[in-house]
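Try each task before you read its solution.

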Amino acid sequence: MSCCPEPQLVQLSTCNTYNTEAVAADAVQIFEHATGTASGYVTLTNFNASADTANISTDAAGTEVIATAAPDNSYTVFVPNLESLYVFSTGGSIVIGQVSVNASYTVRP
């Protein structure tokens, strides 16, 4: 008999679109996970209609870049401590695409 409930593994899956001209200093938040620490895969997809390279960062200033994708390309990366994601354009031209997150985190009931 256990006096404490077993932790639960929760799966998290999202797909968010972006359409922005924001540069690194003005990166647009596209994902936030405020409860617990999640880890998982992030896929940055930059559609062929984009005029620039898209970047995704874990900080609002765009300095912690985890993935970069040229137009009509995508890039997947594992992120061990996933809290927030921000997307921006390398040169300030329009970037259009999607950010997919497939992660998991542990919670106590």
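This is a predicted model: local features need pLDDT of at least 70, side-chain atom pairs count only at pLDDT 80 or more; totals for chains, interfaces and linings use all residues.

Residues are numbered from 1 along each chain as its sequence is written, and side-chain values use heavy atoms, with hydrogens and water left out.

**Exercise 1. The sheet**

Find the order of the four strands in the open sheet.

Step 1. Know the terms. Strands are DSSP runs of E with at least two residues, numbered from the N terminus. Two strands pair if DSSP finds at least two bridges between them.

Step 2. Start at β7. It pairs with β2 in the antiparallel sense, over four bridges. β4 and β7 also pair in the antiparallel sense over four bridges.

Step 3. Write the order: β2-β7-β4-β5, with antiparallel pairing. β2 and β5 are the edge strands, as each pairs on one side only.

**Exercise 2. Bridge partners**

Name the bridge partners in β7 of V28, E32 and S57.

Step 1. Begin with β2 (28-32). V28 has V87 as its partner in β7. E32 has S84.

Step 2. Go on to β4 (54-57). S57 has Y86 as its partner in β7.

**Exercise 3. Two faces of β7**

Sort the residues of β7 by the way they point.

Step 1. Recall the rule. In a regular strand the side chains alternate between the two faces of the sheet.

Step 2. Sort. S84, Y86 and F88 point one way, and L85, V87 and S89 point the other way.

**Exercise 4. The core**

Which residues touch the most other members of the largest nonpolar core?

Step 1. Define it. A nonpolar core is a set of buried Ala, Val, Leu, Ile, Met, Phe, Trp, Tyr and Cys residues joined through side-chain atoms within 4.5 Å.

Step 2. Read off the answer. The core has 21 residues, and V42, L44, L82, L85 and V99 touch the most other members. Its largest share, five residues, comes from β8.

Step 3. Look at L85. Its contacts (heavy atoms within 4.5 Å), not counting residues up to four places away in sequence, include V28, V42, I56 and V99.

**Exercise 5. A loop residue**

Is D72 buried or exposed?

Step 1. Locate D72 in the loop between β5 and β6.

Step 2. Apply the cut-off. D72 counts as exposed (over 50%) because its relative accessibility is 55%.

Step 3. Note the backbone. D72 has a positive phi of about 65 degrees, although it is not a glycine.

Technical notes. Buried means under 20% relative accessible area, exposed over 50%, partly exposed in between (1.4 Å probe, protein chains only).
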